[in-house]
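Work through the exercises below with the sequence and the coordinates at hand. Each task is followed by a worked solution.

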Amino acid sequence: MAGEKKSAAPLRHYLLCPVCLRTQDSLSCHLRRVCMKDKTPPQILEVVEKAKKDVCDLLKNGRAFSYAVLKQIVSSPNPLKGLIEELKNHHLFVTGVPPPLPIGNPRLVTETLSECPGEAPGETEPSDVESCGSNELFQCRQEKTYTKDKMVKAKDLGILKKHSADHPLLKRFADYLKNDYENAKYQQEVDTVSRYLYFADPTEPSLKFVNDREKLRDFLGQQAKAGYKAQTSGNYIKCLKRFLEFHLTRTGLRQDDRELYNKCTLYLSFLTSSQSVLSKQASKEIVQKRHALLFDKSQPTPRECLAVLDKSEGDLVKIMNQLDDSSSSSLSRTECIFVLYYLEAIVILRHCQRPCVVQNMKVKEWLERKHADDDSIVFVKDHKTAAHFVVSIVLSKKEEAWFEKYYTKVRPQLLAGERKPPAKVQRPPGEQPGCTEGI
Ligand SMILES: [Zn+2]
């Protein structure tokens, strides 16, 4: 009846579900039953509390928009994106955002990216033991120059020379790594040990180095002079430890030479303590480097990095659409390469992975990807930080579809082109690509 006022129902704030972006009269119920079914009560509570805070903030501060800010956004190169972000700052969300409009020239992007292919594994000597745990995202050219300089210095300081790998002492160690550790890069580890053995005694590789702790300090000092990072030195020690462990456990040293055996045991603990000092130093270096990167004006901002992807997405979609059209499913080499670079850029720029992850991602890992809701997750095991964790790349539905097309339609064309160079050859349907490494 007109004029009759209902005062019984309390005024409820509808809270926004951050997962489905719909407002809910009881967010906690909704999350428990629908959007966060597999999460724990404390996790749900946290989301609810955040949603409450956001809605209060919206009521308190979010209802007015500054004309000056809007004007600035509207006159920017990508006004829609700016508006969406501004709304987000006010805890307001836009749903159904289409892919950004295509602007820009694919050739430009291809050239820029092709200068930056990432580092080839084991390309330069020190990198074989240099675990890239620093996680910096953009280090292509600078890093290379840096490595080169370091190599020259290291050579001058005489810390790169090594004994012949044919020496029985090194050969047996190589077999041990190959068989017991199934270490595919065992030779690098043998070389690392060999360099230290040479530094300790250039005449012949032997276990006598355990008699001289000062020598190790010298060696680490020279490495520091050459600009080696603590992490690299730490890896040298790791290899030396393994070398000693091999002699302590897999040879007749204990019976043959008890005194040397005891010395090796003591030296092993000396290495462990040196290692822990270095690892603390390494963490500091990593933090320093990240800190420096944050304040380095010449480094692109995350937004600038993503701009590359946004600008060329239209061109990618065009090429992808060509693949749907069966009459013109053969792409030019430039188009294939463009798709390849774009997908690499997704992994590196959007998913913040190191270039070596792109290089080591295997077809098998792609095929074994897991599906979770709308996303798919690719696990990459073999990358330079493999000692610490498996990299997981969470691809959106859209990205997954692109990768799927790449693997089924673009990659076979690329591989066919590599085998039969100049002619435009199309791979017969159903033929499997041979190579299984890298994207
Ligand atoms: Zn929801």
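**Exercise 1.** In this predicted model, find how many residues the largest nonpolar core has and which of them have the most contacts inside it.

Solution. The largest nonpolar core has 42 residues. Those with the most contacts inside it are Phe209, Leu216, Leu244 and Tyr267. Next, assign the core to helices: H6 (140-156), H7 (168-180), H8 (186-200), H9 (213-225), H10 (230-250) and H12 (258-295) each supply at least two of its residues.

**Exercise 2.** Identify the protein donors of the zinc ion and explain why their arrangement is tetrahedral.

Solution. Step one: the protein donors are Cys17 (SG), Cys20 (SG), His30 (NE2) and Cys35 (SG), at 2.0 to 2.3 Å from the zinc ion. Step two: along the chain these donors follow the spacing C-x2-C-x9-H-x4-C. Step three: the four donor atoms subtend angles of 104 to 115° around the ion. Four donors count as tetrahedral if all angles lie between 85 and 135 degrees, so this arrangement is tetrahedral.

**Exercise 3.** Locate cysteine 17 and cysteine 35 in the chain, and decide whether cysteine 17 is buried or exposed.

Solution. Cysteine 17 is in the loop between strand E1 (15-16) and strand E2 (23-24), while cysteine 35 is in helix H1 (residues 27-35), 18 residues apart. Buried means under 20% relative accessible area. Cysteine 17, at 0%, is therefore buried, whereas cysteine 35, at 22%, counts as partly exposed.

Conventions: Residues numbered from 1 in each chain as written. Predicted model: local features only at pLDDT ≥ 70, side-chain atom pairs only at ≥ 80, totals over all residues. Heavy atoms only, no water. Core = buried A, V, L, I, M, F, W, Y, C linked by side-chain atoms within 4.5 Å. Buried < 20%, exposed > 50% of the residue type's maximum accessible area, 1.4 Å probe, protein only. Helix = DSSP H or I, 4+ residues; strand = E, 2+ residues; numbered from the N terminus. Donors = N, O, S within 2.8 Å, 3.2 Å for Na, K, Ca; no water. Tetrahedral: all angles 85-135°; square planar, octahedral: opposite > 155°, others 65-115°.
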